[in-house]
Amino acid sequence: MNRDLKKLIAAMTLEEKAGMCSGADFWNTKGMERLQIPSVMLSDGPHGIRKQEGKADHLGLNESIKAVCFPSACATACSFDVDLIRKMGETLGEECQAVDLSMLLGPGVNIKRNPLCGRNFEYFSEDPCLTGKMAASYIKGVQSWDVGTSVKHFAVNNQEYRRMSASSDLSERTMREIYLPAFEEAVREAQPKTVMCSYNKVNGVFASESEELLTKILRDEWGFEGYVVSDWGAVNDRVEGLKAGLDLEMPASGGYRDAKIVEAVRNGELDEAVLDRAVERILKVVFDYADHRHPEAVFDFEADNEKATAIETECAVLLENNGVLPLQEGQKVVYIGEFAARPRYQGGGSSHINASKVTSALEAAEAKGRNVSYVKGFPWDGDEIDAQEVEKAVNAAKNADVTVIFAGLPDVFESEGYDRKNMKMPNCQDYLIEEVAKVQPNTVVVLHNGSPVEIPWADKVAAILEMYLGGQGVGEACDRLLYGQANPSGRLPETFPIRLEDNPSYLSFGGDGKTVDYTEGIYVGYRYYEAKKLPVRWSFGHGLSYTEFRYDNLRVSSPMLNDESQIQVEVDVTNVGAREGKEVVQLYVSDRNGTVNRPVKELKGFQKISLKPGETKTVQMQICARDLSFYHEELKDWYAPTGTYELLVGHASDDIRLRCEIQFTTKKVLPFHVSGETTVGELLVNPRTAGATAGFLAELQKQSDPKEYTSDEETDTKMMQAMLDGMPLRSLLLLGVPGTAIESLIDTLNMFVD
Ligand code: BGC
């Protein structure tokens, strides 16, 4: 329906307009009967519906309606499958329409800076490219049902400790390259109806009051058209927030902050047009939903339960396998660990779903008549070694063909609202695994956790299957994978370091309570481990299959790329094993120009394909200038120097199968002004000043009485150049160059750069 929103707003009083900018209660926007404005409901999200009809809260403490719990983002990211997550979004969108929910609060796209963040299970990855593409696809899916999404938490909210007050302090380059691109991709590609600003401050300014983030970057640069909603309780100064671009405050403040808006307009502190603009943005989204209801939508619990199970089957990551998996029908198998009977399938906090039905791996095995027995071994929660249970487990393991231990993190170990204390699994679990592995070589470990754990027994077991927090169908999905009814195809969306201390933010994570310095800069996840050549437990992108793939024939549509063009990258992938399976083809880019401070390589594309035994498919991906670029703080733009770049294609970040070089040319010119502070080295690497500088140095050398450092003249020259490299021009005085000569050199060089 075509509505004149401006006219509607003109018919409101100042108080009514201020009121429209905050919720009616915990979950609903305000309606207005007089002007036929409906009230609509917003709710969590992201991996299922948490619609509360009774007592409300933002931490998942009170009951919500029964719904289907899909795998959390930590799991769905492993699928590396944008079509799959789109379908999950579509299902969620339909469910929302069926229960009259106008907005699903998600996806969460914060980067996993450190394995300890309590909320990592709700986030996708340590990598912005993977995060952005998965998020955009999820949004498209949900919104295809005219239900809104809220991409969150904008921005740089990477820990739970003091999340409502701490300031995340980081360089602009780090923010642009690591922490913002997923939001950018989501906005540019999928135009979410809303963006949720985070609780924390960014470089000292509350995200809810940051004009830089909420207006300049989000709207002016990326073209965001929806409204910005506060995270629940993230408002500090309502008027400053409104000015900065925060439109809707949630939940209601009981009228307290609405009155501040009215007062600010009355005393001239706030332009009424700013208020009108916010109301218009909110109403546009409200009516987008109200005018597009789908009476045909149904919430089919059974069908959606199967979808949740099928999705999780595509997500689980086979981390290790010496051939023990898949299990054979008829083998005598013992399941150990309470997670086998009662899986951990979701995290705590605002995303907590009242699951309609949960299937455990034990139930799934029993339903299929498998030869499986069960020993509890250790408790679901807590960390006490139960000697009797351990003994039972060891004895059962001795008498079985295969033992499968269902382990992971108990609920209390990871949740929204607080961070983990360490990266370890409960000691009682590590202990039991070691004891069982001593007597049973065919020991398989199935993990249920929202974020990496330390795995000291990795080399002592036969196979490890990572389910992450796989939603209510996790048990059935696990059964299908263990017994080869399905072939594992998940890949790690994050590195598993060997120990927490190896993580790049180990020393600064958490901060001092007031600020958190992002000291590692852009070196997050594999960007760091690769640069440091640190051994890790499992690399980003790693994941095994029951089949094998071969890569051939990497080719590009052109070996030349420029600022405007695109290159098509193609590679042939063949299933060379005996089973049907899925491969995630990963494309990384590496700067070969010796540019300072660039990661060894960065993910820029991926595609998941399904192949029958012997089948070959050609995978196509695109590369453009932005994929080669880093964020140049002085230029205030993305920049890639003219030169050589390598494209790397493979199965995982540590398993590159094919590579080729391309040449890039840019017309972008870096700002450069020569002064007494400019170093000789800077002049020599800049193509515009290199020639003149080299000439000057040659002259200088001729005039001097060069000291002989070595017996070789060429080596002496190189040594002198290396010493001069970091010398600012003003210091040439020390070498006897007259001050006037330095001044005229600076003038001459500036003629080359201006
Ligand atoms: C969380 C959000 C959530 C909101 C509403 C907050 O505590 O940070 O992610 O959407 O509550 O429950």
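A polar side-chain atom of H153 lies 2.7 Å from an oxygen atom of the ligand. The model is a predicted one, in which local features require pLDDT of at least 70 and side-chain atom pairs count only at pLDDT 80 or more, while totals for chains, interfaces and linings use all residues. Residues are numbered from 1 along each chain as its sequence is written, and side-chain values use heavy atoms, with hydrogens and water left out.

**The ligand and its surroundings**

- The side chain of D231 places an N or O atom 2.7 Å from an oxygen atom of the ligand.
- For R163, the distance from a polar side-chain atom to an oxygen atom of the ligand is 3.1 Å.
- On its own the ligand has 310 Å² of accessible area, of which the protein covers 100%; such areas come from the Shrake-Rupley method with a 1.4 Å probe, and for residues only the protein chains shown count as cover.
- The ligand is surrounded by 15 residues, the closest being D44, R119, H153, D231 and E416; a residue is near a molecule if one of its heavy atoms lies within 4 Å of it.
- This shell comprises seven charged, five nonpolar and three polar residues. Asp, Glu, Lys and Arg count as charged, Ala, Val, Leu, Ile, Met, Phe, Trp, Tyr, Cys and Pro as nonpolar, and the others, Gly among them, as polar.

**The five-stranded sheet**

- Five strands form an open sheet with mixed pairing, in the order β19-β27-β26-β21-β22. Strands are DSSP runs (E, at least two residues), numbered from the N terminus, and two of them pair if DSSP finds at least two bridges between them.
- Strands β19 (560-562) and β22 (602-611) are at the edges with a single partner strand each, so one side of each has no neighbour in the sheet.
- From one strand to the next, the twist averages 30°.
- Nine bridges join β26 (residues 643-652) to β27 (residues 655-665) in the antiparallel sense, and V649 stands opposite L658 in β27.

**K608 in strand β22**

- K608 belongs to strand β22 and is buried, with a relative accessible area of 14%; buried means under 20%, exposed over 50%, and partly exposed in between (1.4 Å probe, protein chains only).
- The side chain of K608 makes a polar contact of 2.9 Å with the side chain of S489. Such a contact is a pair of N or O atoms within 3.5 Å; within protein, one must be able to donate a hydrogen and the other to accept it, and residues adjacent in sequence count only if both atoms are side-chain atoms.
- A polar atom of the K608 side chain also lies 3.2 Å from the backbone oxygen of E314.

Key:
Helix = DSSP H or I, 4+ residues; strand = E, 2+ residues; numbered from the N terminus. Axes fitted to C-alpha atoms, helices over the stretch in contact; angles between N-to-C directions.
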